[in-house]
Amino acid sequence: MEQFHSEVISCRESARDYYELIFTWKGPVPLPGQFLTLRCWEGDSPLLRRPFALSSYDAAERRASLIFQKRGPATSLMTHLKTGDHMDILGPLGGTFPPPETGRRPVITGGGIGTGPVLFLADALSRAGLRPLLVLGFRDKNFVPRVHLPLGCETVICTDDGSAGQEGTVIDYLRSRDDLAGSHFYGCGPNPMLKGLHELAVEQNAPCSVSVEEVMACGIGACQGCAIPVNLPRKFLRVCQDGPVFDSRILVWT
Amino acid sequence: MDLTVTIGSGTLPNPVGVASGTFGFGEEYGRLIDLSRLGAVYAKALTLEHRPGNDTPRMVETPSGMLNSIGLANPGWERFRVEKAPFLRDMACPAVLNIGGKKESDYLELVEKCEELDCHWGYEINISCPNVKAGGLAFGTDTHQVESLTKKLRPLTKKPLIMKLTPNVTDIGEIAKAAEAGGADAVSAINTLKGMVIDTKKRRPVIPAGTAGLSGAAVRPVGVACVYRIAQCVSLPIIGLGGIFTADHAIQYLLAGASAVQVGTALFVDPRIPLQVLEGIEAYMDANGFTSLKDFHGHF
């Protein structure tokens, strides 16, 4: 990890209240699943740096991207970012998605704000010739991001109301497929989706790697603020340092 | 220009340290900033036993600050000794161990055990954590217990002994007097203020424990006032903390009577802030013809 200065290349609304931010990257090469923390405002309100998972990295151009949702004061400020604006970045942080277990096909699911990191993963695995199944879920067609989808994947869009792609949730769709035995499941998105993915993986005795979100302070493992409960003797792990990608079987699903 | 700070039997190279609980045991931030330039690392609170910490979520941002309820999560003495102490021993700045406990004997036993190690410069005794059910704040709000605990700790070590005080009392000056009477070498103030944020949709506190500790810019005027009050009551060195984000904030604490400062929550904004604060203090001293930190005292 490094702390470095970055310039905004572009920031545009890619779906309703969802923005794609592309920026210069001077730090070590980031991998799918990793995140950064950033600050692009002065003063003490909002206070803390904000964490975001990376959604792509272009090694030739030394640029990276992330997708964020306009949700609170910090992300509202970020929607006004313009080309050339300055950001203070700390990254890459945290661990990566593990490679699929040998012989298993990657089945990658994302929903809402969890779309970014799974696009990065799907792109990396398709470049490795693994032809992932990528299933992305959204509330309705207005929330489907207009972003570059990775080539070399079997990509399926689902919307809750059927206004784009398949009608129903990501989990509904996966359960409608009868060819997913031998998968390695990956997910990032709302908790109900991750829980459904975990249950499906358990039924199929398949590995399942999920990326989770938690409020963070330091982002580097020092403060223990982003702990989540786990089924291990130590009871809690840190999302920032021990995650953000976890084997779904160690997480506590409620 | 003399930037050193003398506390009891020890001397810190400069007045700017990093606050316990925000810096782990030094390793993580050691990858980002030059630890050799820090006056001290006040390590994460250590207890005899491993503590997994409080239920989640453990933090929430508040206006110009944050609430935390970590619950003194730490690996406990045995794992500390093996996994954390070697890094502190080899670290290029003084390490101060922050000692927590549920009852008096926990503090005494842990300091005795730590005396076997050579990883640290001194002790900061945590009698002010608002986020644990037993110990912590319960000690720090009672003058008799503060004096008694300090008195019993004093003969156990020749190293500097710092009592960390809570602002959640009627008069922090009285607590500081008790620490002085017990034989402390210094006091640090302030630990976090008790606060609460309620989720109005769920109709319950955001932090499961209910109340939590408030830190950040929002608490700075409280911290400065506490240090000023303590300075009126005791002749011990005071280590000021609470909402220091810039050199100007640190200078406020020094002018109020502090001899050293700690940067905490500001690390979560920018890890370079402690070193910027130090540079700013030096520049202020240079511009005003100050030759030592004592020159900050006695102006009002």
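This is a predicted model: local features need pLDDT of at least 70, side-chain atom pairs count only at pLDDT 80 or more; totals for chains, interfaces and linings use all residues.

Tutor: Residues are numbered from 1 along each chain as its sequence is written, chains are lettered from A and ligands numbered from 1 in the order in which they are written, and side-chain values use heavy atoms, with hydrogens and water left out.

Student: Which domains does the assignment give for chain A?

Tutor: Domain bounds come from an automatic or database domain assignment. For chain A these are domain 1 (2-93), domain 2 (97-211) and domain 3 (212-254).

Student: How is the size of an interface expressed?

Tutor: It is often given as the accessible area lost when the parts come together. Here, domain 2 and domain 3 of chain A bury about 1000 Å² between them (accessible area to a 1.4 Å probe, summed over both), with 57% of it on carbon and sulfur atoms. A:His198, A:Val210 and A:Ser211 supply 45% of the area that domain 2 of chain A buries against domain 3 of chain A, more than any other three residues.

Student: How many residues of domain 2 of chain A are in contact with domain 3 of chain A?

Tutor: Contact means heavy atoms within 4.5 Å. By that criterion, 15 residues of domain 2 of chain A touch eleven residues of domain 3 of chain A.

Student: How many salt bridges are counted between domain 2 and domain 3 of chain A?

Tutor: A salt bridge is a side-chain nitrogen of Lys or Arg within 4 Å of a carboxyl oxygen of Asp or Glu. Between domain 2 and domain 3 of chain A the count is zero.

Conventions: Buried area is the accessible area (1.4 Å probe) that two parts lose on being put together, summed over both.
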